Amino acid sequence: MQLTRTIVPGCLRLCSAAQRASGRQLVRRGRVALSTVAGEVATEQQQQQPKQQKQKQQQKQQQGGGGKKGERLVTPKSEDFSRWYLDVVRECQLADYGPVRGTMVIRPYGYALWEGVQSHLDKAFKETGHQNAYFPQLIPYSFLAKEAEHVEGFAPELALVTKGGGKDLEEPLVVRPTSETIVNHMFAQWVQSYRDLPLLLNQWANVHRWEMRTRPFVRTLEFLWQEGHTAHATPEEAEEETIRMLRVYEDFACNVAAMPVIAGRKSRIESFAGANCTYTIEAMMGDRKALQAGTSHNLGDNFAKAFGTRYLDEAGQLQYVHQSSWGVSTRMVGGIIMTHGDDAGLRLPPRMAPIQVVIVPIIKKEADAEGVMAAVQGLESALKAAGVRVLLDATTDKTPGWKFNQYEMKGVPVRVEVGPRDVEQNACVVARRDVPGKEGKQFGVPMEAAAFVAHVQGLLEEVQASLLAQAREFRDANIVDVSSYEELQAAVAEGKWARGPWAGSDDDERRVKEETSATLRCFPFEQPQHSGVCFLTGAPAKEVALFAKAY
Amino acid sequence: MAAPEEQMAALSVADGAPAAAAEGGKPKKEKKPKADKPKQQQGGEGKKKETKLGLTASKEGDFGDWYSQVVVESEMISYYDVSGCYILRPYSFAIWDEIKNWFDARIKELGVQNAYFPLFITEDVLMTEKEHVEGFAPEVAWVTKSGSSELDRPIAIRPTSETVMYPYYAQWIRSHRDLPLRLNQWTNVVRWEFKHPTPFIRSREFLWQEGHTVFATKEEADTEVYQILDLYRRVYEELLAVPVCKGMKSSKEKFAGALYTTSVEAFIPTSGRGVQGATSHCLGQNFSKMFGIEFETEEKTRQHAWQNSWGLTTRTIGVMVMTHGDDKGVVIPPRVAQIQVVVIPIPNSKLGEEAVKAMLDRADAIAADLKAAGVRVTVDRRDNYTPGWKYNFWELRGVPLRLELGPRDMDSGVAMLARRDNGGKQSCAWGELAAAVPKLLEQQQAEMYAKARAEFDSCIERVTTWDDFMAALERKHMALAPWCDTEESEEEVKRRPPCLAIPLATYLPLLFMCDTEESEEEVKRRSATKDAMGAKTLCIPLEQPDLPEGTPCFVTGAPAKCWALWGRSY
């Protein structure tokens with residue numbers, strides 16, 4: 001099979017070189033390749049060691065090192081954002097590095113966050129009339145080649161299976177990077193008449209893209225996602241669906257993940273390979289970089305033409321279907337971490353948090369144990385009955401202080417402390433994660449079940465709202481309206497987002513990227529008032545575009 | 001965690017599955033599995049737009065053909081250019097979703113957490129455990145290229161995840177406080193087999209859950225093995241209305257790396273074959289010793305952990321189809337049906353526009369009532385199909401209840417309820433539907449199970465001699481026989497009837513080794529004689545009848561140790 005396209009400069013060569021190299025060499029090259037991602041290399045190194053023994057030793061060393069630093073388990077976010085992120089991912093046991101470079105093992109706490117994303121979105125999809133299905137992971141290369149732009153965009157990133165069951169395959173099979181091609185191959189068979197439309201499907205699956213600069217959750221060689229694929233009779237319906245699903249994402253991001261996003265349209269350069277138009281939600285991370293958190297594509301009839309997906313309309317005429325596809329991935333988990341986290345670690349929005357409330361009994365004397373335990377168990381079951389995700393940590397090998405730190409790092413929104421004196425007064429201490437220190441503590445919260453549950457539920461709502469407000473405030477304070485290229489350069493140099501009227505060409509856009517490393521994130525749906533003069537070219541501009549450095 | 005040997009030794013059902021299954025042939029368009037056979041037009045009232053419906057094969061007459069038709073025509077499965085890979089269409093995926101939701105909630109109650117380990121495995125990691133891997137190696141699919149560049153070392157796609165997961169377990173587990181560690185993942189796996197693929201039952205890619213748990217003591221591990229096994233039984237019996245037998249695998253049939261393997265075994269009376277429904281293994285300390293999964297006990301000593309693994313696959317759906325389906329199509333038990341009730345308005349040509357509208361409005365109102373009562377209901381409002389065609393359409397898809405609403409029903413304020421499983425009909429006043437339908441669905445679920453259970457039980461013959469054993473197999477039954485529980489005697493059973501027993505496992509690795517066309521032909525040739533393939537132990541049922549002391553083994557005549565369930569199997 002002839003593979004077209006030149007590869008991304010340097011990257012793949014480096015990759016295969018790295019793979020040829022062995023042992024230490026490999027690690028050294030890995031460092032070169034990944035030097036921009038601080039911290040990752042060390043763990044990379046650890047994973048590349050084939051022997052578990054060595055891994056163990058290294059980990060012990062790491063743990064030892066962590067202990068010496070004192071109580072703090074993660075590098076403060078304010079000190080080094082990149083290292084903070086990797087520390088949080090490791091220490092909160094969200095993910096580990098996989099055996100193949102660029103892959104990750106999603107640990108239960110991280111996976112529970114993904115399950116939160118899944119359950120909310122799956123419900124929203126079903127409410128909007130979509131059904132789940134499952135398409136095979138292995139796709140004949142020839143399918144991809146049918147849509148020219150699509151294959152051009154994806155060819156460099158494809159993983160190809162050429163051997164199976166000890167034999168060479170007739171035709172290489174692609175490990176799906178996305179499923180438009182196989183979906184269309186089937187749609188062409190399933191769709192016959194206008195009565196079969198709209199066809200609204202979704203699948204939850206893993207996909208692979210051979211990425212070079214990987215980062216847990218944010219960019220990995222394998223990631224989990226959902227991909228929606230729909231077919232419609234008219235271009236208008238396809239467009240409506242494309243926007244509808246972007247709005248579903250926007251709603252989820254804001255109202256569940258407490259992640260304020262800017263919804264808008266991608267530029268031609270940044271659009272999906274094979275789409276007429278791509279829409280996106282863009283979020284600002286704690287380091288003020290942009291994260292594309294979800295995309296929805298209007299595919300027009302591009303794939304329909306390549307695959308012959310046609311239907312008989314009411315007049316008996318054969319017509320091509322018009323399609324959309326849309327996806328949100330485990331990257332969303334990275335977005336949640338980087339939007340809300342602080343120096344102490346994670347801060348999870350209550351609607352997403354696998355543990356919404358942690359109860360820590362404070363027992364200093366054996367004599368107090370019985371009373372305190374009875375009280376905390378009462379609180380636990382009251383919360384459970386009310387549908388609150390609660391954890392009672394009654395383990396005895398760790399001190400309450402250690403637990404406070406631990407759950408703070410893990411971002412549990414609300415902590416309840418109960419000691420002997422609290423039991424006496426039938427009131428407890430409740431601390432919220434989003435407000436640090438004493439200010440976030442409430443004393444004398446009644447322990448009577450109904451009142452306690454109502455209090456905690458109210459507090460969870462408050463934390464949810466406050467995280468969203470904080471993130472929105474932070475974002476808005478870091479967007480600069482620009483009217484000249486110099487202003488954009490200055491804003492981007494400060495790490496901020498720049499927003500200004502834009503009428504530049506594709507080449508102009510590339511130039512901005514090369515010179516500032518900021519990319520055109522989107523043309524926001526909600527357009528601010530503007531001068532109508534392109535900040536770069538001075539030509540009349542209809543729209544304001546948003547530029548930022550991005551993940 | 002179906003053991004590789006089980007996977008290999010198992011047989012293919014797809015007597016009539018699409019021919020494109022043969023590897024090496026040019027990929028063919030497999031739009032319809034039986035495109036060459038003329039299709040019988042059923043219920044086609046001659047309307048031009050109506051597409052043909054129905055099955056040409058009968059379940060009793062040609063089971064293999066029937067099965068491959070029914071899964072396609074009911075829109076559960078679509079075939080695809082890559083042989084052995086299928087599309088799970090919404091209609092079948094919804095069943096998997098039901099199974100998944102139910103099982104996931106139950107294991108979380110037990111304290112199991114979900115996680116995700118990568119699909120890609122380096123050669124080194126895959127080969128960590130030689131014996132374990134040997135079984136899977138011939139089935140592995142390899143990624144050898146990224147973009148246009150060759151990888152220096154190929155990367156395997158997981159056939160199962162033990163070797164990926166356990167090195168992490170060794171890292172994560174330090175002390176007894178880290179135990180138990182109970183993880184599960186819902187994933188796809190790929191096993192590049194050359195046997196005749198069969199939708200759901202045997203495919204090169206399938207979906208499953210694999211649970212991998214670690215305990216400090218054997219007792220805890222033992223307890224979990226049976227807890228999970230019982231959940232598997234409930235998936236089959238309570239959700240899918242498929243009776244199963246819980247049992248222990250013989251030492252020959254158990255998972256290679258396991259201390260012992262338990263399973264639930266289903267049986268397809270039509271084909272006379274057992275199907276391994278799911279397995280729950282106690283791995284003992286075998287893997288923890290190989291992967292160094294150790295923990296510090298409370299007494300500060302180091303000890304190897306005890307492990308289990310357990311898996312349930314999309315095979316469940318295939319077993320359900322085989323068990324309940326009939327010549328009209330699939331029959332789906334109410335609890336897992338995506339659509340439990342279809343409402344079909346039956347306007348006739350005499351009805352005026354207003355009367356038709358009133359009927360459609362009534363249909364919607366009934367659907368709304370049922371929905372409010374928690375019933376999954378749809379109204380078939382299509383005006384380009386006749387009611388008769390619609391009956392066939394929904395019967396083919398196995399919707400448990402059809403609610404008919406005709407002109408006379410409109411007059412008397414009732415609706416007709418027709419059951420898919422037994423054709424039973426009853427009339428019900430509109431006002432009572434919301435209460436009656438959920439009850440009827442539950443009753444249907446129970447009766448489907450009872451019927452299948454009675455059939456299952458009638459297919460078990462208790463035998464004590466070799467001749468009776470053979471006679472039972474002749475009658476396409478299972479045989480419950482006193483057995484001395486030795487590997488030799490199980491071998492003996494495979495050897496004795498000359499036409500039986502050529503375990504695929506013995507030549508598949510060979511095929512892998514020699515890689516010749518001849519060997520491939522050999523596979524085909526032997527597969528073609530699969531009706532003659534031998535019986536093996538399905539399991540040693542956990543519930544044992546009395547075994548009087550001195551009862552001789554039906555094979556060897558030595559004193560029997562247990563009753564074992566034997567049969568041909570998939």
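Two strands count as paired if DSSP finds at least two bridges between them. Strands (E, at least two residues) and helices (H or I, at least four) are themselves DSSP runs, numbered from the N terminus. With that in hand, let's look around.

This is a predicted model, where local features need pLDDT of at least 70 and side-chain atom pairs count only at pLDDT 80 or more, while totals for chains, interfaces and linings use all residues. Residues are numbered from 1 along each chain as its sequence is written, chains are lettered from A and ligands numbered from 1 in the order in which they are written, and side-chain values use heavy atoms, leaving out hydrogens and water.

**The eleven-stranded sheet**

Chain A has an open sheet of eleven strands with mixed pairing, in the order S3-S7-S8-S14-S11-S10-S9-S22-S23-S21-S20. Strands S3 (131–132) and S20 (479–481) of chain A stand at the edges with a single partner strand each, so one side of each has no neighbour in the sheet. Further in, S9 (residues 261–265) and S10 (residues 277–284) of chain A run antiparallel and are joined by five bridges. Here A:Ile262 sits opposite A:Glu282 in S10(A).

Helix H6 (residues 108–127) of chain A lies across S3, S7, S8 and S14, at about 165° to S7(A). Helix H9 (residues 180–190) of chain A lies across S7, S8, S11 and S14, at about 30° to S8(A). Such angles run from 0 to 180 degrees between N-to-C directions, with axes fitted to C-alpha atoms, for helices over the stretch in contact; contact means heavy atoms within 4.5 Å.

**A buried strand**

How many residues of strand S18 (residues 427–432) of chain A are buried? Six of the six are, so S18(A) is largely enclosed by the rest of the structure. (Buried means under 20% relative accessible area, exposed over 50%, and partly exposed in between, using a 1.4 Å probe and protein chains only.) S18(A) pairs antiparallel with S17 (residues 414–418) of chain A over four bridges, and A:Val416 stands opposite A:Val430. Four bridges also join S18(A) to the antiparallel S19 (residues 441–446) of chain A, where A:Val445 partners A:Cys428.

**Salt bridges**

The structure holds 65 salt bridges over all chains, each a side-chain nitrogen of Lys or Arg within 4 Å of a carboxyl oxygen of Asp or Glu. Here are some of them:

| Pair | N to O distance |
|---|---|
| A:Asp301 and A:Lys305 | 3.4 Å |
| A:Lys384 and A:Glu380 | 3.6 Å |
| A:Asp397 and A:Lys398 | 3.8 Å |

A:Asp301 is buried at 19% relative accessible area, whereas A:Lys305 is partly exposed at 48%.
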